[in-house]
Structures are given as C-alpha cells and as structure tokens.
Amino acid sequence: TESPVDFLVTDIQMPGMNGPELIREVRKINPTLPILIITSHENEEELGDLCCPYIGKPCDSDALLKHVTSLMGK
C-alpha cells in the first residue's frame, strides 16, 4: 500500500495533539513511515520511547536537509 506522504516532520509541543501522541497514532497506520522530530525540548526520557531521530531548534536548512535525506535513504 502506498502512503500519501513520504515522511513526517513534527514538533513535541503543539496545540491539540502533542508530538508523541501524533507519532503513536501515525505508527498505528504506518509503522514504517520515516519521522523526524524538531524540538527545543530535548528531554531524552520524552524522546527515547518514540524511536525517532530528532534535531534541536533552531535548526538550519542544511541540518534539516541532511536528516530528511538520511530518512529517505538517499
């Protein structure tokens, strides 16, 4: 089954559904979707069980591109 998206970039703190909740819901639908977290809250305990790479804020476009390229296996 093809996914309508190639990867997900999310934050941890968001209004409504937070990042961990979003990631858990996405994993129910597509357990192999590449996910990158961009966050200023680099709490290892909070991020550890999500099994997703993360980069800190602020991030520059080169760092973002490097991580997305890595996630896409290119």
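Reply: In this predicted model, what covers the buried residues of helix H1 includes strand S1, residues 8–10, and strand S2, residues 35–39. The helix itself runs over residues 19–29, and its buried residues are Gly19, Pro20, Ile23 and Val26. When one looks down the axis of H1, these buried residues fall within an arc of 125°, so they line one face of the helix. On the other side of H1, Lys28 and Ile29 are exposed.

The N-terminal end of H1 is capped by Asn18, whose side chain places an oxygen 2.9 Å from the backbone nitrogen of Glu21.

Setting aside neighbours within four places in sequence, Ile23 is in contact with Thr10, Ile35, Ile37, Leu50 and Cys52. The C-alpha atom of Ile23 is separated by 9.9 Å from that of Val9, a residue 14 places away along the chain.

Several of these names return in the largest nonpolar core, which has 9 residues: Leu8, Ile12, Ile23, Val26, Leu33, Ile35, Ile37, Leu50 and Cys52. Helix H1 and strand S2 each supply at least two residues of this core. In soluble globular proteins, nonpolar side chains tend to be buried together. Leu8, another member of the core, is in contact with Leu22, Val26, Leu33, Pro34, Ile35 and Leu36, once neighbours within four places in sequence are left aside. Cys52, which also belongs to the core, is buried with a relative accessible area of 8%, whereas Cys59 counts as partly exposed at 30% relative accessibility. A search of the whole structure for disulfides finds 0.

Glu25 counts as partly exposed at 37% relative accessibility, while Lys28 is exposed, with a relative accessible area of 63%.

The side chains of Asp11 and Lys57 also meet in a salt bridge, at 2.5 Å from N to O. This pair links distant parts of the chain, 46 residues apart: Asp11 is in the loop between S1 and H1, and Lys57 is in the loop between strand S3, residues 54–56, and helix H3, residues 61–71. Asp11 counts as buried, at 15% relative accessibility, whereas Lys57 is partly exposed, with a relative accessible area of 42%.

To draw the parts together, H1 has one face lined by its buried residues, with S1 and S2 included in what covers them, and Lys28 and Ile29 exposed on its other side.

Definitions and conventions. Residues numbered from 1 in each chain as written. Predicted model: local features only at pLDDT ≥ 70, side-chain atom pairs only at ≥ 80, totals over all residues. Heavy atoms only, no water. Buried < 20%, exposed > 50% of the residue type's maximum accessible area, 1.4 Å probe, protein only. Helix = DSSP H or I, 4+ residues; strand = E, 2+ residues; numbered from the N terminus. Arc of directions from axis to C-beta. Contact = heavy atoms within 4.5 Å. Polar contact = N/O pair within 3.5 Å; in protein donor to acceptor, adjacent residues only side chain to side chain. Core = buried A, V, L, I, M, F, W, Y, C linked by side-chain atoms within 4.5 Å. Disulfide = S-S within 2.5 Å. Salt bridge = Lys/Arg side-chain N within 4 Å of Asp/Glu carboxyl O.
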